[in-house]
Number of protein chains: 2
Amino acid sequence: MEWIGEPVSERGVREQRFDVQCEGRRVPGILWRPDASAEDAPLVLLGHGGSLHKRADYILATARRLARHHGISSIAIDGPAHGDRRADGGRDPGKVGADFDDAWREPSVTDDIVADWKTALDAAQAELGSGPVGYFGLSMGTMMGVPLIAAEPRVSAAVLGLMGLWGPTRARLSADAARVTCPVRFLAQWDDEIVPRDRVLELFDQLGTRRKSLHAHPGKHVEVPPDEMRGVAEFLAAQLGRS
Amino acid sequence: MEWIGEPVSERGVREQRFDVQCEGRRVPGILWRPDASAEDAPLVLLGHGGSLHKRADYILATARRLARHHGISSIAIDGPAHGDRRADGGRDPGKVGADFDDAWREPSVTDDIVADWKTALDAAQAELGSGPVGYFGLSMGTMMGVPLIAAEPRVSAAVLGLMGLWGPTRARLSADAARVTCPVRFLAQWDDEIVPRDRVLELFDQLGTRRKSLHAHPGKHVEVPPDEMRGVAEFLAAQLGRS
(Lines give C-alpha, C1' and ligand atoms only; values in the text may rest on other atoms or scores of the structure.)
Protein backbone atom coordinates (compact mmCIF):
# COMPACT_ATOMS: atom_id res chain seq x y z
CA MET A 1 0.00 0.00 0.00
CA GLU A 2 1.36 3.34 -1.05
CA TRP A 3 -0.08 6.00 1.24
CA ILE A 4 -1.22 9.22 -0.39
CA GLY A 5 -1.13 12.31 1.83
CA GLU A 6 -1.69 12.23 5.56
CA PRO A 7 -4.34 10.26 7.46
CA VAL A 8 -7.28 12.28 8.76
CA SER A 9 -8.97 11.30 12.02
CA GLU A 10 -12.55 12.25 12.79
CA ARG A 11 -14.58 11.06 15.76
CA GLY A 12 -12.73 7.80 16.20
CA VAL A 13 -12.20 6.92 12.54
CA ARG A 14 -8.88 7.28 10.73
CA GLU A 15 -9.20 7.71 6.97
CA GLN A 16 -6.31 7.46 4.55
CA ARG A 17 -5.94 7.52 0.78
CA PHE A 18 -3.79 4.84 -0.77
CA ASP A 19 -2.82 3.45 -4.14
CA VAL A 20 -2.04 -0.14 -4.98
CA GLN A 21 -0.54 -1.39 -8.22
CA CYS A 22 -2.21 -4.23 -10.07
CA GLU A 23 -1.04 -5.58 -13.44
CA GLY A 24 0.34 -2.16 -14.36
CA ARG A 25 -2.81 -0.32 -13.26
CA ARG A 26 -2.79 2.25 -10.46
CA VAL A 27 -5.76 1.45 -8.23
CA PRO A 28 -6.81 4.38 -6.03
CA GLY A 29 -8.41 3.56 -2.69
CA ILE A 30 -9.28 4.69 0.81
CA LEU A 31 -8.81 2.81 4.06
CA TRP A 32 -10.99 3.62 7.07
CA ARG A 33 -10.12 2.10 10.42
CA PRO A 34 -11.36 2.59 13.95
CA ASP A 35 -8.84 4.30 16.24
CA ALA A 36 -9.19 1.32 18.56
CA SER A 37 -8.86 -1.45 16.00
CA ALA A 38 -8.18 -5.03 17.02
CA GLU A 39 -5.78 -7.32 15.18
CA ASP A 40 -7.64 -9.61 12.76
CA ALA A 41 -10.89 -7.64 13.13
CA PRO A 42 -13.30 -7.86 10.17
CA LEU A 43 -12.77 -5.84 7.02
CA VAL A 44 -15.47 -4.69 4.61
CA LEU A 45 -14.94 -3.90 0.93
CA LEU A 46 -17.10 -1.01 -0.27
CA GLY A 47 -17.89 -0.87 -3.99
CA HIS A 48 -19.49 2.39 -5.12
CA GLY A 49 -22.21 2.86 -7.73
CA GLY A 50 -21.84 4.02 -11.33
CA SER A 51 -20.85 7.68 -11.98
CA LEU A 52 -19.83 8.04 -8.31
CA HIS A 53 -16.49 7.40 -6.61
CA LYS A 54 -14.85 5.69 -3.64
CA ARG A 55 -15.82 8.48 -1.24
CA ALA A 56 -19.49 8.84 -2.29
CA ASP A 57 -21.69 9.98 0.59
CA TYR A 58 -23.24 6.59 1.35
CA ILE A 59 -19.89 4.81 1.07
CA LEU A 60 -18.35 7.23 3.55
CA ALA A 61 -21.35 6.96 5.87
CA THR A 62 -21.19 3.16 5.82
CA ALA A 63 -17.43 3.15 6.43
CA ARG A 64 -17.86 5.44 9.43
CA ARG A 65 -20.76 3.42 10.83
CA LEU A 66 -18.80 0.17 10.49
CA ALA A 67 -15.84 1.69 12.33
CA ARG A 68 -17.72 3.59 15.04
CA HIS A 69 -20.50 1.12 15.88
CA HIS A 70 -18.80 -2.18 15.15
CA GLY A 71 -15.02 -1.68 15.25
CA ILE A 72 -14.77 -2.77 11.61
CA SER A 73 -12.28 -1.36 9.07
CA SER A 74 -13.16 -0.93 5.43
CA ILE A 75 -11.65 -0.07 2.08
CA ALA A 76 -13.12 1.41 -1.08
CA ILE A 77 -11.50 1.58 -4.50
CA ASP A 78 -12.59 3.54 -7.55
CA GLY A 79 -14.44 1.55 -10.19
CA PRO A 80 -13.38 1.23 -13.84
CA ALA A 81 -12.99 4.71 -15.40
CA HIS A 82 -14.26 6.24 -12.15
CA GLY A 83 -12.86 8.62 -9.52
CA ASP A 84 -9.11 9.08 -9.29
CA ARG A 85 -8.54 6.64 -12.13
CA ARG A 86 -9.61 9.54 -14.34
CA ALA A 87 -7.53 12.53 -15.33
CA ASP A 88 -10.45 14.78 -14.33
CA GLY A 89 -10.75 13.21 -10.85
CA GLY A 90 -14.22 11.83 -11.55
CA ARG A 91 -16.19 14.33 -9.48
CA ASP A 92 -18.69 15.20 -12.26
CA PRO A 93 -21.25 12.35 -12.38
CA GLY A 94 -22.45 13.42 -15.82
CA LYS A 95 -18.99 13.10 -17.37
CA VAL A 96 -18.24 9.84 -15.56
CA GLY A 97 -21.62 8.37 -16.48
CA ALA A 98 -21.03 9.16 -20.14
CA ASP A 99 -18.04 6.80 -20.10
CA PHE A 100 -19.84 4.00 -18.22
CA ASP A 101 -20.93 1.86 -21.14
CA ASP A 102 -17.58 2.09 -22.91
CA ALA A 103 -15.68 1.13 -19.77
CA TRP A 104 -17.92 -1.88 -19.05
CA ARG A 105 -17.87 -3.09 -22.66
CA GLU A 106 -14.12 -3.70 -22.46
CA PRO A 107 -13.83 -7.50 -22.60
CA SER A 108 -11.33 -7.55 -19.72
CA VAL A 109 -13.17 -5.14 -17.42
CA THR A 110 -14.62 -7.71 -15.02
CA ASP A 111 -11.39 -9.67 -14.67
CA ASP A 112 -9.44 -6.45 -14.20
CA ILE A 113 -11.66 -5.07 -11.46
CA VAL A 114 -11.69 -8.44 -9.66
CA ALA A 115 -7.88 -8.42 -9.76
CA ASP A 116 -7.84 -4.83 -8.49
CA TRP A 117 -10.07 -5.73 -5.54
CA LYS A 118 -7.96 -8.77 -4.68
CA THR A 119 -4.79 -6.69 -4.75
CA ALA A 120 -6.37 -4.06 -2.52
CA LEU A 121 -7.64 -6.76 -0.14
CA ASP A 122 -4.18 -8.37 0.01
CA ALA A 123 -2.64 -5.00 0.84
CA ALA A 124 -5.27 -4.20 3.48
CA GLN A 125 -4.85 -7.58 5.15
CA ALA A 126 -1.08 -7.11 5.19
CA GLU A 127 -1.80 -3.93 7.14
CA LEU A 128 -4.66 -5.09 9.38
CA GLY A 129 -4.40 -8.86 9.69
CA SER A 130 -6.65 -11.53 8.26
CA GLY A 131 -10.08 -11.23 9.87
CA PRO A 132 -13.37 -12.10 8.16
CA VAL A 133 -14.20 -10.09 5.04
CA GLY A 134 -17.50 -8.62 3.88
CA TYR A 135 -18.58 -6.80 0.72
CA PHE A 136 -21.10 -4.01 0.18
CA GLY A 137 -21.92 -2.70 -3.26
CA LEU A 138 -25.11 -1.55 -4.98
CA SER A 139 -25.73 -1.05 -8.69
CA MET A 140 -22.25 -0.91 -10.29
CA GLY A 141 -21.05 -2.01 -6.86
CA THR A 142 -22.88 -5.28 -7.54
CA MET A 143 -21.45 -5.51 -11.08
CA MET A 144 -18.06 -5.51 -9.34
CA GLY A 145 -19.11 -7.49 -6.29
CA VAL A 146 -20.74 -10.56 -7.79
CA PRO A 147 -17.65 -11.55 -9.85
CA LEU A 148 -15.37 -10.69 -6.95
CA ILE A 149 -17.30 -12.80 -4.43
CA ALA A 150 -17.53 -15.66 -6.92
CA ALA A 151 -13.73 -15.59 -7.27
CA GLU A 152 -12.73 -14.71 -3.71
CA PRO A 153 -13.36 -17.23 -0.92
CA ARG A 154 -12.22 -14.70 1.69
CA VAL A 155 -15.52 -12.78 1.29
CA SER A 156 -17.94 -14.44 3.72
CA ALA A 157 -20.96 -12.07 3.66
CA ALA A 158 -22.31 -9.39 1.35
CA VAL A 159 -24.94 -6.76 0.78
CA LEU A 160 -25.71 -6.39 -2.92
CA GLY A 161 -28.54 -5.04 -5.05
CA LEU A 162 -29.95 -2.43 -7.45
CA MET A 163 -28.57 -4.53 -10.29
CA GLY A 164 -29.89 -7.37 -12.38
CA LEU A 165 -29.08 -9.68 -15.24
CA TRP A 166 -28.71 -6.51 -17.22
CA GLY A 167 -26.13 -4.32 -18.90
CA PRO A 168 -22.93 -5.09 -20.80
CA THR A 169 -21.75 -7.80 -18.38
CA ARG A 170 -25.06 -9.60 -17.81
CA ALA A 171 -23.88 -12.97 -19.12
CA ARG A 172 -20.84 -12.87 -16.85
CA LEU A 173 -23.01 -11.72 -13.93
CA SER A 174 -25.35 -14.65 -14.44
CA ALA A 175 -22.52 -17.18 -14.44
CA ASP A 176 -20.78 -15.64 -11.44
CA ALA A 177 -24.00 -15.24 -9.43
CA ALA A 178 -24.43 -19.00 -9.38
CA ARG A 179 -21.00 -19.26 -7.72
CA VAL A 180 -21.88 -16.92 -4.83
CA THR A 181 -22.21 -19.13 -1.76
CA CYS A 182 -21.91 -16.75 1.20
CA PRO A 183 -24.88 -15.08 2.98
CA VAL A 184 -26.23 -12.16 0.92
CA ARG A 185 -28.75 -9.44 1.66
CA PHE A 186 -29.99 -8.17 -1.70
CA LEU A 187 -31.68 -4.76 -2.04
CA ALA A 188 -34.17 -3.96 -4.78
CA GLN A 189 -36.13 -0.83 -5.60
CA TRP A 190 -39.62 -1.71 -6.80
CA ASP A 191 -39.84 1.27 -9.19
CA ASP A 192 -36.24 1.13 -10.42
CA GLU A 193 -36.13 3.24 -13.57
CA ILE A 194 -32.63 2.11 -14.54
CA VAL A 195 -32.51 -1.65 -14.03
CA PRO A 196 -35.87 -3.36 -14.80
CA ARG A 197 -37.40 -5.03 -11.77
CA ASP A 198 -37.69 -8.42 -13.45
CA ARG A 199 -33.98 -8.40 -14.30
CA VAL A 200 -33.17 -7.54 -10.68
CA LEU A 201 -35.30 -10.41 -9.36
CA GLU A 202 -33.57 -12.74 -11.85
CA LEU A 203 -30.18 -11.87 -10.41
CA PHE A 204 -31.43 -12.49 -6.86
CA ASP A 205 -32.88 -15.77 -8.07
CA GLN A 206 -29.58 -16.75 -9.68
CA LEU A 207 -27.43 -16.28 -6.58
CA GLY A 208 -26.09 -19.69 -5.66
CA THR A 209 -26.40 -19.27 -1.93
CA ARG A 210 -29.45 -20.42 0.02
CA ARG A 211 -28.62 -17.91 2.74
CA LYS A 212 -29.99 -14.92 0.85
CA SER A 213 -32.77 -12.47 1.51
CA LEU A 214 -34.37 -9.90 -0.75
CA HIS A 215 -35.31 -6.54 0.76
CA ALA A 216 -37.42 -4.55 -1.70
CA HIS A 217 -38.94 -1.10 -1.25
CA PRO A 218 -41.05 1.22 -3.36
CA GLY A 219 -39.14 3.98 -5.07
CA LYS A 220 -36.60 4.66 -7.76
CA HIS A 221 -33.04 3.42 -8.18
CA VAL A 222 -31.40 5.79 -5.71
CA GLU A 223 -34.29 5.95 -3.23
CA VAL A 224 -33.31 3.11 -0.88
CA PRO A 225 -34.85 4.09 2.50
CA PRO A 226 -32.38 5.47 5.06
CA ASP A 227 -33.22 2.71 7.56
CA GLU A 228 -32.27 0.06 5.02
CA MET A 229 -28.99 1.85 4.29
CA ARG A 230 -28.22 2.07 8.00
CA GLY A 231 -29.00 -1.63 8.26
CA VAL A 232 -26.14 -2.53 5.90
CA ALA A 233 -23.42 -2.09 8.54
CA GLU A 234 -25.51 -3.90 11.14
CA PHE A 235 -26.12 -6.90 8.87
CA LEU A 236 -22.46 -7.19 7.86
CA ALA A 237 -21.29 -6.80 11.45
CA ALA A 238 -23.64 -9.58 12.56
CA GLN A 239 -22.50 -11.85 9.75
CA LEU A 240 -18.84 -11.12 10.44
CA GLY A 241 -19.22 -11.77 14.15
CA ARG A 242 -19.13 -8.17 15.35
CA SER A 243 -22.73 -7.23 16.10
CA MET B 1 -65.62 -10.38 26.32
CA GLU B 2 -66.82 -13.59 27.82
CA TRP B 3 -63.91 -15.27 29.58
CA ILE B 4 -63.54 -19.01 29.13
CA GLY B 5 -61.78 -20.83 31.97
CA GLU B 6 -59.10 -19.33 34.13
CA PRO B 7 -56.17 -17.19 33.00
CA VAL B 8 -52.79 -18.89 32.93
CA SER B 9 -49.64 -16.92 33.70
CA GLU B 10 -46.24 -18.00 32.43
CA ARG B 11 -43.02 -16.01 32.72
CA GLY B 12 -44.66 -12.63 32.81
CA VAL B 13 -47.45 -13.26 30.28
CA ARG B 14 -51.08 -13.84 31.22
CA GLU B 15 -53.05 -15.82 28.65
CA GLN B 16 -56.82 -16.17 28.67
CA ARG B 17 -59.38 -17.71 26.35
CA PHE B 18 -62.41 -15.61 25.49
CA ASP B 19 -65.43 -15.61 23.23
CA VAL B 20 -67.07 -12.60 21.65
CA GLN B 21 -70.41 -12.61 19.86
CA CYS B 22 -70.65 -11.07 16.40
CA GLU B 23 -73.79 -11.06 14.28
CA GLY B 24 -74.91 -14.29 15.90
CA ARG B 25 -71.51 -15.98 15.50
CA ARG B 26 -69.48 -17.13 18.46
CA VAL B 27 -65.91 -15.94 17.84
CA PRO B 28 -63.31 -17.83 19.91
CA GLY B 29 -60.17 -15.94 20.86
CA ILE B 30 -57.18 -15.66 23.17
CA LEU B 31 -55.85 -12.56 24.90
CA TRP B 32 -52.19 -12.37 25.94
CA ARG B 33 -51.08 -9.50 28.13
CA PRO B 34 -47.89 -8.68 29.97
CA ASP B 35 -48.22 -8.88 33.76
CA ALA B 36 -46.97 -5.29 33.88
CA SER B 37 -49.19 -3.83 31.19
CA ALA B 38 -49.62 -0.09 30.81
CA GLU B 39 -52.96 1.58 30.08
CA ASP B 40 -53.33 2.35 26.37
CA ALA B 41 -50.27 0.26 25.45
CA PRO B 42 -50.22 -1.14 21.91
CA LEU B 43 -52.27 -4.18 20.92
CA VAL B 44 -51.44 -6.61 18.12
CA LEU B 45 -53.98 -8.75 16.28
CA LEU B 46 -52.59 -12.17 15.34
CA GLY B 47 -54.22 -13.94 12.39
CA HIS B 48 -53.17 -17.57 12.01
CA GLY B 49 -52.57 -19.49 8.78
CA GLY B 50 -54.85 -21.94 7.03
CA SER B 51 -55.49 -25.33 8.70
CA LEU B 52 -53.99 -24.02 11.97
CA HIS B 53 -55.68 -22.23 14.89
CA LYS B 54 -55.40 -19.23 17.20
CA ARG B 55 -52.76 -20.90 19.38
CA ALA B 56 -50.50 -22.20 16.59
CA ASP B 57 -46.86 -22.38 17.68
CA TYR B 58 -45.68 -19.24 15.85
CA ILE B 59 -48.72 -17.26 16.96
CA LEU B 60 -48.08 -18.19 20.59
CA ALA B 61 -44.36 -17.44 20.22
CA THR B 62 -45.08 -14.02 18.70
CA ALA B 63 -47.64 -13.19 21.41
CA ARG B 64 -45.14 -14.07 24.14
CA ARG B 65 -42.33 -12.12 22.48
CA LEU B 66 -44.54 -9.06 22.10
CA ALA B 67 -45.51 -9.22 25.78
CA ARG B 68 -42.12 -10.09 27.25
CA HIS B 69 -39.82 -7.96 25.13
CA HIS B 70 -42.07 -5.05 24.29
CA GLY B 71 -44.88 -4.87 26.86
CA ILE B 72 -47.45 -5.35 24.09
CA SER B 73 -50.73 -7.27 24.46
CA SER B 74 -52.18 -9.30 21.63
CA ILE B 75 -55.27 -11.24 20.63
CA ALA B 76 -55.82 -14.08 18.20
CA ILE B 77 -59.15 -15.40 16.94
CA ASP B 78 -59.86 -18.57 15.03
CA GLY B 79 -60.32 -18.15 11.29
CA PRO B 80 -63.42 -19.20 9.33
CA ALA B 81 -64.15 -22.90 9.94
CA HIS B 82 -60.95 -23.15 12.01
CA GLY B 83 -60.09 -23.99 15.62
CA ASP B 84 -62.80 -23.73 18.25
CA ARG B 85 -65.34 -22.64 15.66
CA ARG B 86 -65.42 -26.31 14.70
CA ALA B 87 -67.20 -29.09 16.54
CA ASP B 88 -63.97 -31.13 16.37
CA GLY B 89 -61.87 -28.32 17.90
CA GLY B 90 -59.78 -27.90 14.75
CA ARG B 91 -56.61 -29.60 16.00
CA ASP B 92 -56.22 -31.88 12.95
CA PRO B 93 -54.70 -29.77 10.14
CA GLY B 94 -55.71 -32.33 7.51
CA LYS B 95 -59.38 -32.16 8.42
CA VAL B 96 -59.38 -28.38 8.75
CA GLY B 97 -57.52 -27.93 5.48
CA ALA B 98 -60.07 -30.08 3.67
CA ASP B 99 -62.75 -27.49 4.54
CA PHE B 100 -60.62 -24.48 3.58
CA ASP B 101 -61.87 -23.92 0.04
CA ASP B 102 -65.51 -24.35 0.96
CA ALA B 103 -65.22 -21.90 3.85
CA TRP B 104 -63.50 -19.25 1.75
CA ARG B 105 -65.90 -19.66 -1.18
CA GLU B 106 -68.81 -18.44 0.96
CA PRO B 107 -69.66 -15.03 -0.53
CA SER B 108 -69.88 -13.42 2.92
CA VAL B 109 -66.70 -14.93 4.38
CA THR B 110 -64.49 -11.85 4.06
CA ASP B 111 -67.08 -9.45 5.45
CA ASP B 112 -67.84 -11.86 8.28
CA ILE B 113 -64.25 -12.31 9.37
CA VAL B 114 -63.63 -8.55 9.18
CA ALA B 115 -66.65 -8.02 11.44
CA ASP B 116 -65.39 -10.73 13.81
CA TRP B 117 -61.99 -9.04 14.09
CA LYS B 118 -63.57 -5.63 14.69
CA THR B 119 -65.75 -7.05 17.42
CA ALA B 120 -62.78 -8.74 19.07
CA LEU B 121 -60.76 -5.52 18.79
CA ASP B 122 -63.59 -3.49 20.33
CA ALA B 123 -63.79 -5.93 23.22
CA ALA B 124 -60.01 -5.97 23.75
CA GLN B 125 -59.82 -2.19 23.74
CA ALA B 126 -62.68 -2.01 26.26
CA GLU B 127 -60.45 -4.18 28.45
CA LEU B 128 -57.04 -2.65 27.75
CA GLY B 129 -57.59 0.89 26.55
CA SER B 130 -57.11 2.37 23.11
CA GLY B 131 -53.41 2.27 22.25
CA PRO B 132 -52.01 1.83 18.75
CA VAL B 133 -52.97 -1.38 16.95
CA GLY B 134 -50.87 -3.68 14.76
CA TYR B 135 -51.69 -6.77 12.73
CA PHE B 136 -49.65 -9.89 11.97
CA GLY B 137 -50.90 -12.60 9.68
CA LEU B 138 -49.28 -14.83 7.05
CA SER B 139 -50.98 -16.91 4.37
CA MET B 140 -54.64 -17.16 5.46
CA GLY B 141 -53.67 -14.57 8.06
CA THR B 142 -53.13 -12.20 5.13
CA MET B 143 -56.42 -13.24 3.50
CA MET B 144 -58.04 -12.00 6.73
CA GLY B 145 -55.65 -9.14 7.36
CA VAL B 146 -55.75 -7.24 4.08
CA PRO B 147 -59.55 -6.73 4.14
CA LEU B 148 -59.44 -5.96 7.86
CA ILE B 149 -56.70 -3.32 7.52
CA ALA B 150 -58.46 -1.80 4.51
CA ALA B 151 -61.63 -1.43 6.61
CA GLU B 152 -60.12 -0.62 10.01
CA PRO B 153 -58.31 2.68 10.47
CA ARG B 154 -57.21 1.67 13.98
CA VAL B 155 -54.61 -0.71 12.49
CA SER B 156 -51.50 1.40 11.99
CA ALA B 157 -48.83 -1.20 11.09
CA ALA B 158 -48.78 -4.76 9.80
CA VAL B 159 -46.68 -7.75 8.90
CA LEU B 160 -48.30 -9.74 6.08
CA GLY B 161 -47.18 -12.24 3.47
CA LEU B 162 -47.14 -15.78 2.07
CA MET B 163 -50.26 -14.86 0.13
CA GLY B 164 -50.93 -13.36 -3.27
CA LEU B 165 -53.65 -12.35 -5.66
CA TRP B 166 -54.66 -15.99 -5.48
CA GLY B 167 -57.37 -18.24 -4.16
CA PRO B 168 -61.13 -17.86 -3.82
CA THR B 169 -60.99 -14.24 -2.59
CA ARG B 170 -58.32 -12.91 -4.94
CA ALA B 171 -60.53 -10.23 -6.50
CA ARG B 172 -61.52 -8.92 -3.08
CA LEU B 173 -57.88 -9.07 -1.93
CA SER B 174 -56.82 -7.00 -4.91
CA ALA B 175 -59.39 -4.30 -4.23
CA ASP B 176 -58.69 -4.19 -0.51
CA ALA B 177 -54.90 -4.20 -0.94
CA ALA B 178 -55.09 -0.88 -2.72
CA ARG B 179 -56.76 0.57 0.38
CA VAL B 180 -53.99 -0.48 2.78
CA THR B 181 -52.19 2.73 3.73
CA CYS B 182 -50.26 1.84 6.90
CA PRO B 183 -46.63 0.64 7.00
CA VAL B 184 -46.40 -3.02 5.98
CA ARG B 185 -43.59 -5.55 6.07
CA PHE B 186 -44.46 -8.27 3.58
CA LEU B 187 -42.84 -11.72 3.72
CA ALA B 188 -42.45 -13.95 0.69
CA GLN B 189 -40.95 -17.40 0.22
CA TRP B 190 -39.10 -17.63 -3.06
CA ASP B 191 -39.93 -21.30 -3.59
CA ASP B 192 -43.50 -21.16 -2.29
CA GLU B 193 -45.18 -24.34 -3.48
CA ILE B 194 -48.69 -23.20 -2.49
CA VAL B 195 -49.04 -19.59 -3.63
CA PRO B 196 -47.14 -18.90 -6.88
CA ARG B 197 -44.34 -16.35 -6.45
CA ASP B 198 -45.65 -14.05 -9.17
CA ARG B 199 -49.06 -13.87 -7.48
CA VAL B 200 -47.35 -13.02 -4.18
CA LEU B 201 -45.33 -10.22 -5.78
CA GLU B 202 -48.54 -8.90 -7.37
CA LEU B 203 -50.18 -8.57 -3.97
CA PHE B 204 -47.13 -6.74 -2.58
CA ASP B 205 -47.23 -4.50 -5.65
CA GLN B 206 -50.92 -3.81 -5.13
CA LEU B 207 -50.64 -2.62 -1.52
CA GLY B 208 -51.63 1.04 -1.50
CA THR B 209 -49.06 2.16 1.03
CA ARG B 210 -45.66 3.52 0.00
CA ARG B 211 -44.29 2.50 3.39
CA LYS B 212 -43.93 -1.17 2.51
CA SER B 213 -40.99 -3.51 2.28
CA LEU B 214 -40.72 -6.98 0.83
CA HIS B 215 -38.57 -9.52 2.67
CA ALA B 216 -38.14 -12.64 0.55
CA HIS B 217 -36.16 -15.77 1.36
CA PRO B 218 -35.44 -19.05 -0.39
CA GLY B 219 -37.57 -21.95 0.75
CA LYS B 220 -41.07 -23.29 0.75
CA HIS B 221 -44.30 -21.82 2.12
CA VAL B 222 -43.72 -22.67 5.77
CA GLU B 223 -39.94 -22.21 5.75
CA VAL B 224 -39.69 -18.55 6.77
CA PRO B 225 -36.30 -18.28 8.54
CA PRO B 226 -36.46 -18.09 12.34
CA ASP B 227 -34.69 -14.71 12.38
CA GLU B 228 -37.38 -13.24 10.14
CA MET B 229 -40.12 -14.65 12.38
CA ARG B 230 -38.43 -13.20 15.46
CA GLY B 231 -38.21 -9.87 13.64
CA VAL B 232 -42.01 -9.62 13.40
CA ALA B 233 -42.46 -8.53 17.02
CA GLU B 234 -39.53 -6.14 16.77
CA PHE B 235 -40.88 -4.47 13.63
CA LEU B 236 -44.38 -4.08 15.04
CA ALA B 237 -43.05 -2.76 18.36
CA ALA B 238 -40.96 -0.16 16.54
CA GLN B 239 -43.90 0.89 14.37
CA LEU B 240 -46.23 1.08 17.37
CA GLY B 241 -43.75 3.13 19.38
CA ARG B 242 -42.56 0.38 21.74
CA SER B 243 -39.17 -0.67 20.43
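The model is predicted, so local features need pLDDT of at least 70 and side-chain atom pairs count only at pLDDT 80 or more, while totals for chains, interfaces and linings use all residues. Residues are numbered from 1 along each chain as its sequence is written, and chains are lettered from A and ligands numbered from 1 in the order in which they are written. Chain A holds eight helices and nine strands; helices (H or I, at least four residues) and strands (E, at least two) are DSSP runs, numbered from the N terminus.

**Chain A as a whole**

- Chain A has a radius of gyration of 16 Å, close to the 18 Å that the globule rule gives for 243 residues, so it is as compact as a globular protein of that length. The radius is taken over C-alpha atoms, and the globule rule is 2.2 Å times the number of residues to the power 0.38.
- The C-alpha trace of chain A spans about 45 × 40 × 30 Å along its principal axes.
- Of the 243 residues in chain A, 49% are buried. A residue is buried if 20 or more other C-beta atoms lie within 10 Å of its own, exposed if 12 or fewer, and partly exposed in between, with C-beta atoms placed from the backbone.
- Take the contacts in chain A between residues at least 6 apart in sequence: 73% of them join residues at least 24 apart. Two residues are in contact if their C-beta atoms, placed from the backbone, lie within 7 Å.

**Helix packing in chain A**

- Helix H5 (residues 140-151) of chain A packs against helix H6 (residues 170-177) of chain A at an angle of about 40°, and their axes are 9 Å apart. That makes H5(A) oblique to H6(A).
- For reading these values, axes are lines fitted to C-alpha atoms, for helices over the stretch in contact, and angles run from 0 to 180 degrees between N-to-C directions. Angles under 35 degrees count as roughly parallel, over 145 as roughly antiparallel, 65 to 115 as roughly perpendicular and the rest as oblique.
- H5(A) passes H6(A) in a left-handed crossing. A crossing is left-handed if the near helix is turned anticlockwise from the far one by less than a right angle, and right-handed if clockwise.
- On the H5(A) side the contact is made by A:Met143, A:Val146, A:Pro147 and A:Ala150, and on the H6(A) side by A:Arg172, A:Leu173, A:Asp176 and A:Ala177. These contact residues divide into six nonpolar, no polar and two charged. Here Ala, Val, Leu, Ile, Met, Phe, Trp, Tyr, Cys and Pro count as nonpolar, Asp, Glu, Lys and Arg as charged, and the others, Gly among them, as polar.
- The axes of helix H4 (residues 109-128) of chain A and H5(A) come within 9 Å and cross at roughly 65°. H4(A) and H5(A) are therefore roughly perpendicular to each other, and the crossing is right-handed.
- In this pair, A:Thr110, A:Ile113, A:Val114 and A:Trp117 of H4(A) meet A:Met144, A:Pro147, A:Leu148 and A:Ala151 of H5(A). The contact has seven nonpolar, one polar and no charged residues.

**Helix packing in chain B**

- Helix H4 (residues 109-128) of chain B and helix H5 (residues 140-151) of chain B pack at an angle of about 65°, with axes 9 Å apart. H4(B) and H5(B) are therefore roughly perpendicular to each other, in a right-handed crossing.
- B:Thr110, B:Ile113, B:Val114 and B:Trp117 in H4(B) meet B:Met144, B:Pro147, B:Leu148 and B:Ala151 in H5(B).

**Two buried residues in chain B**

- B:Val44 sits in strand E4 (residues 43-47) of chain B and counts as buried, with 29 C-beta neighbours inside 10 Å. Beyond its neighbours within four places in sequence, B:Val44 has contacts including B:Leu66, B:Tyr135 and B:Leu236.
- B:Ala120 lies in helix H4 of chain B and is buried, with 23 other C-beta atoms within 10 Å. B:Ala120 and B:Asp19 are 101 residues apart in sequence, yet 8.5 Å apart in space, C-alpha to C-alpha.

**Positive phi in chain B loops**

- B:Glu23 has a phi near 50°, a positive value in a residue other than glycine. B:Glu23 is in the loop between strand E2 (13-22) and strand E3 (25-34) of chain B, and counts as exposed with 11 C-beta neighbours inside 10 Å.
- B:Ser139 has a positive phi of about 60° although it is not a glycine. B:Ser139 is in the loop between strand E6 (133-137) and H5 of chain B, and counts as buried with 25 C-beta neighbours inside 10 Å.
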